[in-house]
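Morning, everyone. Please bring the structure up on your screens, and I'll walk you through it.

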Number of protein chains: 2
Amino acid sequence: MLSEDEMPQAWYNIVADMKNKPLPVLNPQTREPVTREQLSVLFAEGVVDQEFSQERYIEIPEEVQDMYRIWRCTPLVRAYGLEKALDTPAKIYFKNESTSPIGSHKLNTAIPQVYYNYKQGIKHLTTETGGGQWGSALSFACSKFGLDLKVFMVKASYHQKPYRKLMMNTWGADVIPSPSNLTDAGRAILAQDPDCLGSLGMAISEAVEIAMRNQETTRYTLGSVLNYVLMHQTIIGEEAVKQFEKAGEMPDIVIGCFGGGSNFAGIGFPFLRMNLAEGRNIRVVAVEPQSCPKLTRGVFQYDFGDTTGLTPLIPMYTLGHNFQPADIHAGGLRYHGAGAIVSQLLHDKLIEAVSVPQMETFEAGLLFANTEGIIPAPESAHAIAQAIREAKKAKEEGVSKTILFNLSGHGLIDMYAYEQYFAGNLKNFTISDEYIRSTTSELPDIIK
Amino acid sequence: MLSEDEMPQAWYNIVADMKNKPLPVLNPQTREPVTREQLSVLFAEGVVDQEFSQERYIEIPEEVQDMYRIWRCTPLVRAYGLEKALDTPAKIYFKNESTSPIGSHKLNTAIPQVYYNYKQGIKHLTTETGGGQWGSALSFACSKFGLDLKVFMVKASYHQKPYRKLMMNTWGADVIPSPSNLTDAGRAILAQDPDCLGSLGMAISEAVEIAMRNQETTRYTLGSVLNYVLMHQTIIGEEAVKQFEKAGEMPDIVIGCFGGGSNFAGIGFPFLRMNLAEGRNIRVVAVEPQSCPKLTRGVFQYDFGDTTGLTPLIPMYTLGHNFQPADIHAGGLRYHGAGAIVSQLLHDKLIEAVSVPQMETFEAGLLFANTEGIIPAPESAHAIAQAIREAKKAKEEGVSKTILFNLSGHGLIDMYAYEQYFAGNLKNFTISDEYIRSTTSELPDIIK
């Protein structure tokens, strides 16, 4: 535990320490790097500045720090119960981001994003949400700063996850099942298929369209992938570094699950800083679902961030923007690509990536629930599964290792997924090389 | 925030400081005080000793402290956002018990109760649960100590709150909709009414019956009302006292919602200690639902703890064990009586009691969600409503006051209640004097 006064007062921008900088994001028409001006139409100026920044540390505004203090610093916990169950010589720690009011790490970036929009005089925000974690976080933040929010929620989730919708409503957000009749994009889809249950790509299109249509007062927001989003999350790892320093230890292995990269970067980048700047040798491991293996089986190429091709081209490890992830319960990890920074780090072998099958993640989640008491989000269970693998390996090898993973969120709103597991309705999905070839073959050949 | 090392290492037993001790619990047949031996058939010896203890402090066992440290100490938070919204000169603080893995304070007593059973070699526990908070807490604790657990869950809740049931399943508990075919009591009810949706009283009967039938290996557990349960919760207030001392302040008013008394005692008794032992003058206020007004409109008399009359006779402010609380969403506050200690304190005017109508509690809960970001449990919203009343009064009177309330739990699993509020389906319930006279008139005339 850190005291409030010990909360880090700056985010860490890993770009400053990277020898090979991330490749620029490109305008798909001109294939020239996207400019500040172009991005500022869509996003708040404060975050656009951060997207391009090369500064090592960016100070966290006082108002944002005050809101972080509602729940931060978060606990660093030694998982004694899990260690005992595994009979391992390894020490296992987890950073508990589930203690935030919305139950996950997403609030770490929702608050500054809304803050910079608020400072700029923006009155309305739009976003999309799949599982609902990001939409909940942004609703909370908008409620605190008094901004209006429209959340386009994938229609399938809208009906499956009524509690998530109600949380957003409670914080005053307008939640719209997507595709909707509010946008050209939505109307076009509904004309073709009135029963369409939507997708994240479609919801992004709707949210972007509304923001573009009202540029005077409205901006769009995104909960992962972009550089500044990843940077906001480094508060997690910066706290963890301080907590380990206080305990006179340092982890050998740092593990985060991987969807768009925000929770992974949050826990991992501050430890990578110690590798890059201080010559340490801490392993930083990203864990993705076996069924959505962009880091372990994707290609490093420019691709769109959304499935319909509205965003700039991002340099990413990707499965192709037409890749359809299997219907796993870790909704936050069902994304086809990784952001520019993480992709460059992986390309340069500065981080590792592994994939785990769905059943193993639920087994890991249940073992954790029964030893540490916290029911993890299905996404976080991926990090737990890898921590268990590492702890078992340490036992086989008879060596003591210190393992840290990020518990990005609790699973109290995802109990439906556990019900399906208990009922024996879940399975693993393996993806054929052929399918990945088919979804990556059309990518532009920009990175040689 | 306190550091781990600063966590209190003893529970506070207020009986030591009471000039008028609580009246004894009686055997309903003999009307003699119940003995240790009689209670030990039903409860673990460790807690029975505590039930009769006159010691001021009882040390928290090392193993229990270790488990408390999974989430304790809990934050003491200044509610700046709420203060601003109310434009009040009062300072408002809340103790955030919602950060526990199960989302409420119930774990503070579930852990020691299971611990003492475990030490005694008990293998199986039984309990009842209404809304599911207590059942979840006990499931978590049983999972940690490796005991089996049968939870009799009121059938109406079993169907309305599938997430609660699934949480208990995740921690390995057997959850049985009550009334069931497992007990004589259940079978008798079902023979009369196969569609009966159950009640807390019926679920208690079933849980007690199973425990009594297997005395070698099985004990029953209860989540509120009894002296030792209240004492376990004082970890909340003892932490808060330390946190205020560290901040160089002390509250003028301490507020807790009131069902069976455990969260109220938890936050309130350590401050009452300062009144009783140090001559301070801190107001300690219990907040009950307008529709279940045992403290403000009940009688002080001996009554049964359950609706069917199986328990010993407890000296309580009560509405009578046949009182049927209205169908409000704060399920944890739908209880007809208060425990022996709280009742004596109220009788001696050492604490205050107020009631608030349901609609006011949801308005308060929403204001809190939108200013502090945390969606409160409907029970906790009663404490918030009273804190708001006190803050408004401070503004009217133009005086600065320091108000503390206990946020006993979050409402993430209670979003259905908020949905009903948004839909305009909730209302206030007022209870007629006549109804209270009818349900209290049959009580035995023991307290003169």
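Start with G398(A). This glycine sits in the loop between α16 (378-397) and β14 of chain A. Keep in mind that we are looking at a predicted model. Is G398(A) buried or exposed? The relative accessibility of G398(A) is 61%, so G398(A) counts as exposed. Now find I253(A). In sequence, G398(A) and I253(A) are 145 residues apart. In space, their C-alpha atoms are 16 Å apart.

Next, another loop residue. S408(A) lies in the loop between β14 (402-407) and α17 of chain A. S408(A) has a relative accessible area of 4%, which puts it among the buried residues; the cut-off for buried is under 20%. What does S408(A) touch, leaving aside its neighbours within four places in sequence? E97(A), S98(A), G103(A), S104(A) and H105(A) are in contact with S408(A). C257(A), N263(A) and S380(A) are in contact with S408(A) too. With S380(A) there is a polar contact between the side chains, at 2.7 Å.

One more loop. T88(A) is in the stretch between α4 (80-86) and β4 (91-96) of chain A. T88(A) is buried, with 13% relative accessibility. Not counting residues up to four places away in sequence, T88(A) touches E83(A), A391(A), A394(A) and K395(A).

On to salt bridges. Over all chains, the count comes to 44. Let me pick out a few.

In chain A, R69(A) and D66(A) form a salt bridge through their side chains, 3.4 Å from N to O. D66(A) is partly exposed, at 47% relative accessible area.

Over in chain B, look at D184(B) and R187(B). Their side chains meet in a salt bridge, 2.7 Å from N to O. Why are they about one helical turn apart? Because the two residues are three places apart in helix α9 (residues 184-192) of chain B. D184(B) is exposed, with a relative accessible area of 51%. R187(B) is partly exposed, at 36%.

Stay in chain B. E352(B) and R283(B) form a salt bridge, and their closest N and O atoms are 2.8 Å apart. Which parts of the chain does this pair link? Distant ones: E352(B) is in strand β13 (residues 352-356) and R283(B) is in strand β10 (residues 283-289), 69 residues apart. E352(B) is partly exposed, at 30% relative accessibility. R283(B) is partly exposed as well, with a relative accessible area of 25%.

Salt bridges can also share partners. In chain A, R72(A), K95(A), E97(A) and E239(A) are joined that way into one network.

Now zoom out to both chains. How many residues of each chain are in contact? 33 residues of chain A contact 33 residues of chain B. Interface size is often quoted as the accessible area that is lost when the parts come together. Here chain A and chain B bury about 3300 Å² between them, and 62% of that is on carbon and sulfur atoms.

By class, the side of chain A that touches chain B has 20 nonpolar, nine polar and four charged residues.

Last topic: symmetry. Chain A superposes on chain B by a rotation of 180°, with 0.0 Å of shift along the axis and an RMSD of 0.0 Å. The two copies are therefore related as by a two-fold rotation axis. Which residue of chain A comes closest to that axis? T99(A), with its C-alpha at 2.8 Å. Finally, 100% of the interface residues of chain A are also interface residues in chain B, so the copies meet through the same surface.

Note on methods: Residues are numbered from 1 along each chain as its sequence is written. Chains are lettered from A and ligands numbered from 1 in the order in which they are written. This is a predicted model: local features need pLDDT of at least 70, side-chain atom pairs count only at pLDDT 80 or more; totals for chains, interfaces and linings use all residues. Side-chain values use heavy atoms; hydrogens and water are left out. Contact means heavy atoms within 4.5 Å. Buried area is the accessible area (1.4 Å probe) that two parts lose on being put together, summed over both. Ala, Val, Leu, Ile, Met, Phe, Trp, Tyr, Cys and Pro count as nonpolar, Asp, Glu, Lys and Arg as charged, and the others, Gly among them, as polar. Copies are superposed by least squares on the C-alpha atoms of residues with pLDDT of at least 70 in both. A salt bridge is a side-chain nitrogen of Lys or Arg within 4 Å of a carboxyl oxygen of Asp or Glu. Buried means under 20% relative accessible area, exposed over 50%, partly exposed in between (1.4 Å probe, protein chains only). Helices (H or I, at least four residues) and strands (E, at least two) are DSSP runs, numbered from the N terminus. A polar contact is a pair of N or O atoms within 3.5 Å; within protein, one must be able to donate a hydrogen and the other to accept it, and residues adjacent in sequence count only if both atoms are side-chain atoms.
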